[in-house]
Each structure stands twice: as structure tokens, then as C-alpha cells.
Amino acid sequence: MRRVTLFVNGTSTNGKRDDDVLYVSEGDSFEDPQDDLRAFERGQTHTDWLTLNVGGRCFTTTRSTLVSKEPESMLAHMFGEKDVWANKRDSQGAYLIDRSPDYFEPILNYLRHGQLIINEGINPLGVLEEARFFGIEQLAEQLETLIKSTQPPDDHSPLSRKEFIRYLLATTTKAELRCQGLNFNGADLSRLDLRYINFKMANLRGANLTHANLSGANLERADLSMACLDAANLQGVKMLCTNAEGASLRGCNFEDPAGIKANLEGEEADHTDSGHFRKDVSRSGANLKGVDMEGSQMTGINLRVATLKNAKLKNCNLRGATLAGTDLENCDLSGCDLQEANLRGSNVKGAIFEEMLTPLHMSQSVR
């Protein structure tokens with residue numbers, strides 16, 4: 001027989017009267033609710049909530065999150081048992097960790113759900129460094145694979161569309177993407193967002209850039225020979241000394257509402273097929289022999305000292321264009337609108353001026 005005490009509603013409050021005695025003759029021993037509470041608290045040793053102050057930014061998590069996923073990591077050893085490392089705390093009781101909070105956040109999320117997610121603007125190299133510091137080996141391996149897949153090859157073999165898309169996705173639109181001197185020979189880059197990318201001296205020979213957005217891109221001294229840029233957006237593009245021999249630029253848009261001028265100075269574009277060049281496009285000194293721009297909208301375009309020998313400019317809108325010093329020998333300008341165009345010093349030997357929308361005026365100084 002055992003004498004036991006009754007409690008009110010299962011609480012720790014003694015609910016028996018002075019003369020109440022209960023005797024138990026068989027069955028399990030009576031369990032004190034206080035013992036259950038203490039056992040529960042002991043079971044919560046690795047799952048109680050805590051706050052980390054990482055580089056001045058606070059993160060709230062549980063001990064089990066820091067311990068379970070990577071039990072051999074530094075974080076698991078630091079917080080596997082309470083205060084085993086005598087971790088220092090701030091005035092609010094948060095554990096102090098002198099590391100980068102931006103790079104720590106993807107690591108904590110990985111420990112929570114096992115997925116590697118890096119927000120826009122966070123450099124994976126920084127997250128990799130933190131993963132190595134905290135000894136989270138599986139995450140470090142994933143980051144190394146990710147970084148390797150987003151880097152261009154070290155050799156001179158052409159980049160494929162798949163490789164370049166991975167490269168693009170790993171870089172924020174605000175960051176400068178440097179593709180200077182890379183090999184895109186024959187690559188399919190059609191319909192991609194290539195804004196503000198530095199393609200200086202890149203090999204884009206035979207590349208497919210149809211409908212690509214190249215607004216603000218740097219194509220200085222790039223090789224675009226035999227490339228197809230039909231319907232590409234070239235607002236504010238830099239094409240200094242670009243070689244576009246044999247390239248197709250049908251329906252390209254050079255007009256920038258913000259007024260940023262595309263610069264094609266010194267371009268080589270023999271036999272280029274182009275259309276829809278618009279206002280404020282600078283083509284100083286461009287070599288455009290045999291270019292086909294029939295029906296293009298080029299109001300106010302700057303073609304000063306450009307070479308347009310044997311070019312097709314039929315039915316173009318050249319109102320207010322600068323053609324001073326331009327070589328227009330044997331150029332077909334029939335049906336063009338040349339009102340207020342500047343033709344001073346231009347060479348129009350053999351040029352065709354039939355069916356002009358507005359007659360040329362002597363003040364335009366055609367030689």
C-alpha cells in the first residue's frame with residue numbers, strides 16, 4: 001500500500017482535505033506533475049529559443065536548428081549545450097558573433113530547411129567563406145558547385161546559351177556583368193536581357209542576338225561580323241570601332257527616350273543590313289559600305305564623316321540628320337526626307353536623289 005496526495009485539476013495545488021487519505025494497492029506508481037514539467041524542460045535543452053547578434057543584426061532561432069543539420073559544425077559545438085563555450089552576450093541577452101549578417105542569413109536558412117537560397121545582391125563567394133568558417137561542409141560543397149557553374153570557362157572555347165544563362169541568373173541586374181574578351185562565337189543569345197553588359201572586345205561572330213535587349217551595352221571593338229541582331233534593342237549602346245561586317249540589323253531600335261546617344265564611331269559594318277535607326281544616334285567615322293537601311297527612321301541621326309558608299313537609304317527619314325563630310329558615293333537616297341539635313345562637305349558623286357519628299361536647298365551645301 002502507498003499513500004498518495006490528490007491535486008486539484010492535475011495542478012501542483014494540494015487539493016486534499018486534512019482527513020482525506022487515498023491508498024493504492026496495485027498499478028503504476030503515481031507521477032508528480034512537477035516531475036513531468038521538469039522532464040519536459042530537460043527535453044527542451046536543445047530546442048529552446050535563442051537570439052544571435054551577428055555583426056549587429058539579430059536572428060532568432062532554436063538550438064535544434066543550429067545543431068541538427070550539421071552536428072559537426074562550429075555552431076553545433078557552440079550551442080549544443082548551454083553556455084559550454086561561455087559565449088558572450090549583449091545587453092539584451094543575444095549571443096554575440098562577429099561575422100557578416102548578410103552572409104550569415106543564407107546559412108541560417110539552410111540550417112532551417114536544407115535549401116540553399118541566396119537573395120539578390122548577395123555574393124555567393126561571401127556565403128561560401130562563412131560556410132567554411134562555421135564548418136558547414138555540405139553547404140560549402142553546394143556553394144562551390146554553384147559558383148563554378150556560373151563562372152565563364154577559363155579556356156577560349158565558346159560559351160553556350162545554357163552556360164551564359166546560368167551566368168546571368170547568378171548576377172543581379174544592378175551589378176556590372178563583365179564579359180570583356182569572352183568567346184560567344186555562334187552562340188544563341190536571342191531574346192535575352194543583356195542590358196549594360198560589357199562585351200568590349202568580345203567575340204560575337206555569327207552570334208544570334210535577335211530581339212535581345214542590349215540597351216546600354218558596351219560593344220566597343222567587339223567582333224559582330226556575320227551576327228544577327230534583327231529587332232534588337234540597342235538604345236544607348238556603345239559600338240566604338242565595332243566590326244559588324246556582314247551582320248544583319250533589320251528593325252533595330254537605337255532611339256533612347258532619355259536622350260542617351262548610341263555611339264558607333266569608327267564602326268566597320270560592310271554590307272550590313274539594318275533598319276529603324278532613330279534620332280540622336282552617333283555614327284561618327286563609321287564604315288557602313290553597302291549597308292541596307294531602306295525605310296529606316298533616322299531623324300536627327302549623326303552620320304558625320306561616315307562611309308556610306310553604295311549604301312541603300314531609300315525612303316529613309318533623315319530629317320535634321322548630320323551628314324557633313326559623309327561619303328555618299330553611289331548611295332541610293334531616293335524617296336528620302338532630307339529636310340534641314342546637314343550635307344556640308346559630303347561626297348554625293350553618283351548618289352540618287354529621285355522622288356525626294358522635300359527638295360534640297362543650296363544652303364545645305366551639297367558638293
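Modeller: N218 sits in the loop between α7 (161-169) and β6 (248-249). Helices (H or I, at least four residues) and strands (E, at least two) are DSSP runs, numbered from the N terminus. This is a predicted model, where local features need pLDDT of at least 70, side-chain atom pairs count only at pLDDT 80 or more, and totals for chains, interfaces and linings use all residues. Residues are numbered from 1 along each chain as its sequence is written, and side-chain values use heavy atoms, with hydrogens and water left out.

Biologist: Why is N218 called buried?

Modeller: Its relative accessible area is 15%. Buried means under 20%, exposed over 50%, and partly exposed in between (1.4 Å probe, protein chains only). So N218 counts as buried.

Biologist: What makes D102 and R57 a salt bridge?

Modeller: Their closest N and O atoms are 3.4 Å apart. The term requires a side-chain nitrogen of Lys or Arg within 4 Å of a carboxyl oxygen of Asp or Glu, so the pair of D102 and R57 qualifies. D102 lies in helix α4 (residues 101-113) and R57 in strand β4 (residues 57-62), so the bridge ties together parts 45 residues apart in sequence.
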